[in-house]
Amino acid sequence: MTTRHRQAAAQQGSLYAILVLATFLMGSSFIAGKILLADGYPALLLVGWRFLLAALATLPLLWLQSKPVPGLVRLRDLDARGAAIVVLIGLLQTAAVMGLLFLSMRTISAATAAILLFTNPLWVALLGRLFLGEQLHASRVVGLLLGIAGVALSVGWHSHADGGAGQWQGEAIGLLAAFCWALATIVNKRANLPVASWPLSFAQMLTGALALLAIAYGLGQRWPAHTSASQWACFLWLAIPASTGSFGLWFV
């Protein structure tokens, strides 16, 4: 094996390691979130503060990437249409997706919520056909059907026949979260904004967080009077490694 091949293999190996770490951090958010929900933290308020802190944690990364990138514009240089699309993406991808996800986890397990949320590619394929004109070839149709069957088997629909309204409601909300994520993906792809990934991620997390906090406080939700050290640790893990960290590694 030549030196060039060894370098390419090493780079590929490091990218796989980054991918596994990003997936682990993303998956850990379901566990940390479920723990805090079980301890009585209001869902929308918890997600709002989570992503406000996650957005603020990206500011050092934005500062490190402060040099203009050829072909890309800064957030402040977007026109009215571009700014409106960024707000829409934030409302869909952070406020709707994560707000609905945490609402669903009040009545279903973290594992079930994760499975339902990651039906997102199925919805993207269907919406891409409707709004982007992407072709659904026979192999993709078979893949979609297998995916739907796999979700049904993983969640275990047959075991929920007497699971109560709360169980079914939680699963429906989880699927709606996945659908909103797919909508955000379609909007982002169709708009094709000339903005780098990190600034766009910061803007959509900040927009979604502010919307969720406004809704949560409007509904009368309040942060618990007492938060233990372990609960703060769960929240900080949820906000920074499991949000800023996982998104950053995923972009890499």
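**Note on the predicted model**

1. Helices here are DSSP runs of H or I with at least four residues, numbered from the N terminus. This is a predicted model, in which local features need pLDDT of at least 70, side-chain atom pairs count only at pLDDT 80 or more, and totals for chains, interfaces and linings use all residues. Residues are numbered from 1 along each chain as its sequence is written, and side-chain values use heavy atoms, leaving out hydrogens and water.

2. Helix α9 covers residues 197-218. The expected span of a helix is 1.5 Å times one less than its number of residues.

3. Helix α2 (residues 43-57) has 15 residues. Its first and last C-alpha atoms are 21 Å apart, close to the expected 21 Å. Eleven of the 15 residues are buried, so α2 is largely enclosed by the rest of the structure. Buried means under 20% relative accessible area, exposed over 50%, and partly exposed in between (1.4 Å probe, protein chains only). Among the buried residues of α2 are Leu46, Arg50 and Phe51.

4. Which residues touch the most other members of the largest nonpolar core? They are Phe30, Leu36, Leu46, Phe51, Leu101, Phe102 and Met105, out of 49 residues. A nonpolar core is a set of buried Ala, Val, Leu, Ile, Met, Phe, Trp, Tyr and Cys residues joined through side-chain atoms within 4.5 Å. Helix α2 gives the largest share of this core, nine residues. Apart from it lies another core of nine residues, including Val86 and Ala203.

5. Look next at phenylalanine 30. Leaving aside neighbours within four places in sequence, phenylalanine 30 is in contact (heavy atoms within 4.5 Å) with Leu101, Met105, Ala110, Ala113, Ala114, Leu117 and Phe118.

6. Leucine 193 is in the loop between α8 (164-191) and α9. Is leucine 193 buried or exposed? At 11% relative accessibility, it counts as buried. With the neighbours within four places left aside, its contacts are Gly82, Ile85, Val86, Asn188 and Leu200. Leucine 193 and leucine 91 are 102 residues apart in sequence and 16 Å apart in space, C-alpha to C-alpha.

7. Leucine 19 lies in helix α1 (residues 3-38). Its relative accessible area is 41%, so leucine 19 is partly exposed.

Note on methods: Helices (H or I, at least four residues) and strands (E, at least two) are DSSP runs, numbered from the N terminus.
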